[in-house]
Structures are given as C-alpha cells and as structure tokens.
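Please read it with the coordinates open.

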Amino acid sequence: MEKSTVFNNRLLPYLLLLPQLVITVVFFYWPASQAIWQSFLREDAFGLRSEFVGLENYQALFAQPEYYAAILTTVVFSTLVAALSLSIALLFATQADKNLKAGAGYKTFLIWPYAVAPAVAGVLWFFMFQPSLGMLARPLRGAGIDWNPLLNGNHALILVVMASVWKQISYNFLFFLAGLQAIPRSVLEAGAIDGARPLRRFWTITFPLLSPTTFFLLVVNIVYVFFDTFGIIDAVTGGGPAGATTTMVYKVYADGRLGGDLGGSAAQSVILMVIVIALTAIQFRYVERKVQY
C-alpha cells in the first residue's frame, strides 16, 4: 500500500508553492499584462507620453506587407528547425544507445553544444560560412556555389537554420537517449525473436514507446524556434538581408527597440504569444491522442 504525504500544517503547502508562484507572476503574468495594455497605446520613442488608440496598432500591423513576410519566414524557419533537430537527434540517440567502444566520448561531444549560448553559436557558424574568410565557405565557392549569406536571402536563411539546428540537437539528444534507455530490452528481444528486422523493430516498437518523449520535445522545440533563436538571428544576420531572416520575434525587437514603435511592438508580442499558446493547445488536443503512455 502506497503511503500518502500528509501536511500537518495547512499553511506549509502554500508556502512551498509561493516562490514559484511569485516567479511566475513577476516574470510572466505581469509582463504579459503590461504588453497587452501597451498594445492599445501609442507612445513616443522614450515612453514619456502615451495615448490610448484602441485597435489602431493591430490594424496598422496587419496592413504591413513586411509583417506577412515575417510570418511566412517564421513558418518556414520553425518547420525546418524543429523537423531537422528532432530527426537528427533521434538518429544520433539510436546510434549512441548501441554498445559502442567510444560511447561515452560520443555522448559527451554531442551534449557539449547545449552549453553554448545562442549568440555564440550564431557567431561560430557565421565565421565558418563567412563568404571571404570562412573555412567552409571556400569549398562551396570552389564547387561553383556562389555562397554569400550577406547578400543572398536564401543563403542567410539556410545559415541561421543550420546554426539553430546545431544548437538544439544536444537538448533533443539527451531526452531521446533517456527515452531509449528506458525501453525494456525484453520487448526489443521479443520482436527480434519474432523475426522483425532492426528497421521494422524501430518503427513498430521503439518509436511508439518514444512517443511521450517525442511529444514533449515537439512542444519544447516549437517554443525554442519562436523565441530562443532570437540570439542566433541577431548575431548572424540581424534579420537581413532585406528582411529575409526577420522572424516574428525578431520583428518585435526591430520595431520596438530599433524603430521606436513601442505600441506596434507590443501588439506583435501579443499576437506571437497567442500563436504559441494556440499551437501548444492544438498539440495537446490532437497530437497527444497518438501518444502511447
């Protein structure tokens, strides 16, 4: 019979929850409420004077072709980063789960990139693919590819996608590896005895048992590509060239901090928050149905 925890002091559970509640209110709910209120205001660049304008900031925002371009860039960017980082991490995790001679070193090298800050990761990849000095850009030019992320928008988008994927693979790898090691070996051995080949065992046994881990990582990666990739984009391209790598979160920064449009920037942050909440709700509503716990 399992023992249940009993608090003799009725106030103790609330005291234990208080630090987390304070952090959540101060760093999430309060800034979110401020952003919502600010989105209905028109302010000067210094925030000294404000005027209530209702929905004018939202109307002006949806009248900008640049905002729709940022939405499209965000969709393409987030899809590529999430799909590539999850699939590559799963491939590496399945290989690391095998009995390898240098397995410990292999796992360590794959985990290291997670300790690198996003801006530092962006700078590393920019130096490697810098058109004139990059050690990986020269072979591309030698192969006849006119590689120049400073002028070519497609090249710039490819570069920030590669940097973002490289940064996130380590995080996904850790969870996939933990999920693989939690699968009972007897289940895999039973599939092998039944004559299932390795690839068939993976898709019919391993991957379904990894579905809780995959669902969790899918939610986390969506949040990552919408917010945490800001440092990479800012360090590598600054949203350029010609706005080719300007995502929704970077446009919030560009319009608010660089452009001085505080009300429009707040409106964009509210829309971005609503989109992320909606995507998370959709994933829990529909994708979780296919998860096998």
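The points below go from the overall fold to single residues.

1. Overall picture. This is a predicted model. The protein has 13 helices and two strands. Its C-alpha atoms fill a box of roughly 75 × 70 × 30 Å along the principal axes. Of the 293 residues, 39% count as buried. Among contacts with a separation of 6 or more, 67% come from residues 24 or more positions apart.

2. The core. The largest nonpolar core holds 50 residues. Within this core, Phe 77, Val 81, Leu 159, Phe 173 and Phe 176 touch the most other members. Which helix gives the most to this core? Helix α7, residues 153–181, does, with twelve residues.

3. Leu 159. Look at the neighbours of this side chain. Leaving aside residues up to four places away in sequence, Leu 159 touches Trp 125, Phe 126, Phe 129, Trp 147, Pro 149 and Val 236.

4. Helices α7 and α10. Helix α10 spans residues 211–228. The axes of α7 and α10 come within 10 Å and cross at roughly 160°. An angle over 145 degrees counts as roughly antiparallel, so α7 and α10 are roughly antiparallel to each other. The crossing is right-handed. From α7, the contact uses Ser 164, Lys 167, Gln 168, Tyr 171, Asn 172, Phe 175, Phe 176 and Gly 179. From α10, the contact uses Thr 213, Thr 214, Phe 216, Leu 217, Val 220, Asn 221 and Tyr 224. By type, the residues of this contact are seven nonpolar, seven polar and one charged. Note that Phe 176 is part of this contact and is also listed among the core residues that touch the most other members.

5. Helices α1 and α13. Helix α1 covers residues 12–38, and α13 covers residues 262–285. Their axes lie 8 Å apart, at an angle of about 125°. Are the two helices oblique or roughly antiparallel to each other? Roughly antiparallel needs an angle over 145 degrees, and roughly perpendicular runs from 65 to 115. The pair is therefore oblique. The crossing is left-handed. On the α1 side, Ala 32, Ala 35, Ile 36 and Gln 38 make the contact. They meet Leu 262, Gly 263, Ala 266, Ser 269, Val 270 and Met 273 of α13. This contact divides into seven nonpolar and three polar residues, with no charged one.

6. Ile 232. This residue is in helix α11. Is Ile 232 buried or exposed? Its relative accessible area is 0%. Buried means under 20%, so Ile 232 is buried. Ile 232 touches Pro 118, Gly 122, Val 160, Ala 163, Ser 164, Lys 167 and Tyr 224, not counting residues up to four places away in sequence. Ser 164 and Lys 167 of α7, and Tyr 224 of α10, also belong to the contact in point 4. Ile 232 and Ala 117 are 115 residues apart in sequence, yet 8.9 Å apart in space, C-alpha to C-alpha.

7. The loop between α11 and α12. Please check two backbone features here. Most residues other than glycine have a negative phi, and most peptide bonds are trans. The bond from Gly 240 to Pro 241 is cis, with omega near -5°. Pro 241 lies in the loop between α11 (230–236) and α12 (248–258). Ala 242 lies in this loop too. Its phi is near 55°, a positive value in a residue other than glycine. Ala 242 has a relative accessible area of 89%. Exposed means over 50%, so Ala 242 is exposed.

Methods: Residues numbered from 1 in each chain as written. Predicted model: local features only at pLDDT ≥ 70, side-chain atom pairs only at ≥ 80, totals over all residues. Heavy atoms only, no water. Core = buried A, V, L, I, M, F, W, Y, C linked by side-chain atoms within 4.5 Å. Buried < 20%, exposed > 50% of the residue type's maximum accessible area, 1.4 Å probe, protein only. Helix = DSSP H or I, 4+ residues; strand = E, 2+ residues; numbered from the N terminus. Contact = heavy atoms within 4.5 Å. Axes fitted to C-alpha atoms, helices over the stretch in contact; angles between N-to-C directions. Parallel < 35°, antiparallel > 145°, perpendicular 65-115°, else oblique. Left-handed = near helix turned anticlockwise from the far one by under 90°. Nonpolar A, V, L, I, M, F, W, Y, C, P; charged D, E, K, R; others polar.
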